[in-house]
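Hi,

Here is the structure I promised to pass on. Have a look at it first, and then read my notes below.

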Amino acid sequence: MPIRFFTAGESHGPGLTAILEGMPAGLPLTAEDINHDLRRRQKGYGSGGRMQIEKDGIAITSGAMNGMTTGAPIALHVQNRDFKSWKDRDITPITTPRPGHADLTGAVKYGYRELRLSLERASARETTMRVAIGAICKKFLAAFDIRVDGYVSQLGDVVADLDNMPLDERIARNEDNDVRCPDPVAAEKMHAAIRQVKIDKDTLGGVFEVVARGLPPGLGSHVHFDRKLDGRLVAAMVSIQAMKGAEIGAAFENAGKRGSQVHDDIIVDDAGQLSRRTNRAAGLEGGITTGEPIIVRVAKKPISTMLRGAESVDLATGEANPTVYERSDFCALPRAVPVGEAMMAIVLADALMEKLGGDSISEMKPRFDALRRNRLEDLPMDNREWRFGFDV
Ligand code: EPS
């Protein structure tokens, strides 16, 4: 895997750190390229008080100089403004775990004496650095005219009507409102659903979709499980805090249909260009890109910090005790869209680098232009009989 990255940092600690290794030299990169997506991640209806405190801005402390990557590891840092209200304070232990969060599982695994040690690192605050790394990967992909975007398609039980809206239009409208839903009628209902859930001191999840356009065919591979791009994308999405499912296109809906209703007929035009009539495969066949847009749908559970509380146990006393919280997000789904985009950009940048090799953008460009495409002339089909020539 040419791209590797690490993140570190606690939600209320001094700050967040990331290292991205494997970016080639010669990619134009400024703090603003990253800050644009950091701002998008902080904007969206349904947040609690924390987003009023944090104003995330990136420091690029290595790997890019004078606005250009050097090929060295890229180190990134973001400050947690909230740290100053925690650093000189006596901390009241949290000993009643929230169902659904990593509170209890983390404490059992690591033997913590209080639950804050779990939640500090399990917090979705960490997604700041994924978005920062993803923004660099988006910049890399954009050098090859590949774009990654996302939008909300369902929030709580409100489902957007997107069936007749082309992908380009969905993406053009994804920032039209503060729930990131391209269907304006559904967006109003989603907004109302969040308003109500705030009153009810409860939380909401939903579904967002991430789309990659402009991909060449031939990224990923069918030959081994960990090289299959569909598996890599689904794993990346479900690794995001609170994501419980991901599917390639309408996979679960397609599971109930017949093959003739699901697969995309292949056609050829007079110039020998192959294409598919539809894109129900959502850009991937055999774990390899087809050249059509990739669409991944991601299911987010409702946030587990609920102001109304939930039934639980005080682990210090062993007594039944409801969870108690004063501050929480009510619905983080709109803010999760840039995080999903980031994870897709990271996986696709990795797959493209695997395919192209090279240490600099200038080396990669001609290799990209020479890639096999969906043309008959790109395929050496000689129509000759052959034998299974194994030495057995
Ligand atoms: C989070 C709880 C909230 C969120 C936080 C993730 O933080 P706090 O407990 O400080 O109110 O706001 O997300 C962020 C800080 C962020 O930048 O997205 C959690 O428990 O996962």
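The axes themselves are lines fitted to C-alpha atoms, for helices over the stretch in contact, and angles run from 0 to 180 degrees between N-to-C directions. Helices (H or I, at least four residues) and strands (E, at least two) are DSSP runs, numbered from the N terminus.

Two bits of housekeeping. This is a predicted model, where local features need pLDDT of at least 70 and side-chain atom pairs count only at pLDDT 80 or more, while totals for chains, interfaces and linings use all residues. Residues are numbered from 1 along each chain as its sequence is written, and side-chain values use heavy atoms, with hydrogens and water left out.

Now the helix pairs. Helix α1 (residues 31-42) packs against α5 at an angle of about 135°, and their axes are 9 Å apart. α1 and α5 are therefore oblique to each other. Their crossing is right-handed (a crossing is left-handed if the near helix is turned anticlockwise from the far one by less than a right angle, and right-handed if clockwise). On the α1 side, the contact (heavy atoms within 4.5 Å) is made by Asp33, Ile34, Asp37, Leu38, Arg40 and Arg41; α5 brings residues including Thr127, Val131, Ala135 and Lys139. By class, the residues where α1 meets α5 are six nonpolar, two polar and six charged. Here Ala, Val, Leu, Ile, Met, Phe, Trp, Tyr, Cys and Pro count as nonpolar, Asp, Glu, Lys and Arg as charged, and the others, Gly among them, as polar.

Helix α5 (residues 127-142) also meets helix α11 (residues 333-356): the axes come within 7 Å and cross at roughly 45°. This pair is therefore oblique too, but the crossing of α5 and α11 is left-handed. Among the residues that meet are Val131, Ile133 and Phe140 in α5 and Val339, Met343 and Leu352 in α11. The contact of α5 with α11 has 15 nonpolar, two polar and three charged residues.

Back in α1, take a look at Asn35. Asn35 is buried, at 12% relative accessible area (buried means under 20%, exposed over 50%, partly exposed in between, with a 1.4 Å probe and protein chains only). Beyond residues up to four places away in sequence, Asn35 touches Asp56, Gly57 and Ile58. A polar atom of the Asn35 side chain lies 2.9 Å from the backbone nitrogen of Ile58. Asn35 and Asp56 are 21 residues apart along the chain, yet their C-alpha atoms are separated by 7.5 Å.

Last, a pair of loop residues. Arg98 sits in the loop between β6 (74-79) and α3 (103-110), while Thr305 is in the loop between β15 (294-300) and α11. Which side chains does the side chain of Arg98 reach through a polar contact? One is that of Asp103, at 2.8 Å, and another is that of Thr305, at 2.6 Å. A polar contact is a pair of N or O atoms within 3.5 Å; within protein, one must be able to donate a hydrogen and the other to accept it, and residues adjacent in sequence count only if both atoms are side-chain atoms. Arg98 is buried, with a relative accessible area of 6%, and Thr305 counts as buried at 9%. Leaving aside neighbours within four places in sequence, the contacts of Arg98 include Leu119 and Thr323, and those of Thr305 include His101, Thr203 and Asp329. Tyr325 is in contact with Arg98 and with Thr305.

Cheers

Methods: Parallel < 35°, antiparallel > 145°, perpendicular 65-115°, else oblique.
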